[in-house]
Amino acid sequence: MTNIGFIGTGVMGISVVEHLLKNDHTVTVYNRTKAKAETLLTKGAVWAETPQNVAETSDIIFTMVGYPVDVEDVYYGEKGIFKADVANKVLIDLTTSTPSLAEKINQTAKEKHAEALDAPVSGGDLGAKKGTLTIMVGGDEQVFNDMKEIFKLFSSSLELHGPAGSGQHTKMANQIMVAGTMTGLTEMLVYAEKAELDLKKVVKTLSGGAAGNWSLENYSPRILKEDYSAGFFVKHFIKDLSIALDEAEKMGLNLPSTMLAKELYEQLSQKGHAEDGTQALIKLWWENE
């Protein structure tokens, strides 16, 4: 048994905490909106009033919040993690954030005799529920090895990619790829519908060939049922693509496909769909029919 702290019980965080609880860990949770943590409290999680309180009572502290500004506040805010004595503790940020912030957190942790890993995840709400998330880690190899058994409780793919910030860079590579598959999935369905094909048959056929991919397998059934609930929010995908493009610019790279995907998702958001799941991109076409 390990005392674990978890800050951020949103769509994915709540499922991660459930896996930790099922494996008999003591989990102290904090969320800006306590109501979103109530289900976990009924299952044995302990409530803390601030991120600082979470850090004070935990050996390992996970964070999984929305934006880099939220990560900054959780760690460096008036009642943030670094207001606690974090010596000999491990701080793990599962948020998709910026590589530079991951490096800053790692440096501050070292100064306070703690360890930190940036460990963004991929797999959406379904991966979190199934415990099959992909985790991309940046940080010290020994700390990574020490945390492996905890990570395995909610993941099926786990890799250390280098020093602090490397996990976030890997997640940006992931989001660039996802951007391409989501635009391809959307345009494929629009084309197939216009050609008067049976969309279920098309999805089944394409899933078995070279067009097969995770987005096709997991998001096309939702689209066909007109289920646009968020496994991953449009607003968060725009945030991720913005980070990816900013990092690409720093490296002197031009990524036109990723730029176009971001523009399409911004159009979707402007139409009032920021809180929908990323599969709602199809609405740019279907709502205009």
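Reply: What follows covers a sheet, a helix pair and some salt bridges.

Reply: The model is predicted, so local features need pLDDT of at least 70 and side-chain atom pairs count only at pLDDT 80 or more, while totals for chains, interfaces and linings use all residues. Residues are numbered from 1 along each chain as its sequence is written, and side-chain values use heavy atoms, with hydrogens and water left out.

Me: What is the strand order in the open sheet of 3 strands?

Reply: The order is β7-β8-β9, with mixed pairing. Strands are DSSP runs of E with at least two residues, helices are runs of H or I with at least four, and both are numbered from the N terminus. Two strands pair if DSSP finds at least two bridges between them.

Me: Which strands stand at the edges?

Reply: β7 (121-122) and β9 (155-160), each with a single partner strand, so one side of each has no neighbour in the sheet. β7 runs antiparallel to β8 (residues 133-137), joined to it by 2 bridges, and Ser122 stands opposite Thr134 in β8.

Me: Which strands does helix α7 touch?

Reply: Helix α7 (residues 141-151) packs on the sheet against β8 and β9, its direction making about 180° with that of β9. Contact means heavy atoms within 4.5 Å. Angles run from 0 to 180 degrees between N-to-C directions, and axes are lines fitted to C-alpha atoms, for helices over the stretch in contact.

Me: New topic. At what angle do α9 and α10 pack?

Reply: About 180°, with the axes of α9 (residues 199-207) and α10 (residues 214-224) 11 Å apart. That makes α9 roughly antiparallel to α10, a label for angles over 145 degrees; under 35 is roughly parallel, 65 to 115 roughly perpendicular and the rest oblique.

Me: How many salt bridges are there in the whole structure?

Reply: A search finds 11. The criterion is a side-chain nitrogen of Lys or Arg within 4 Å of a carboxyl oxygen of Asp or Glu. One of them joins Asp125 and Arg222 at 3.1 Å, N to O.

Me: Where do Asp125 and Arg222 lie?

Reply: Asp125 is in helix α6 (residues 124-130) and Arg222 in helix α10, so the pair ties together parts 97 residues apart in sequence.

Me: Is Asp125 buried or exposed?

Reply: Asp125 is buried, at 9% relative accessible area, and Arg222 is buried at 10%. Buried means under 20%, exposed over 50% and partly exposed in between, with a 1.4 Å probe and protein chains only.

Me: What about Arg32 and Asp70?

Reply: Their side chains form a salt bridge at 3.4 Å, N to O. Arg32 is exposed at 67%, whereas Asp70 is buried at 13%.
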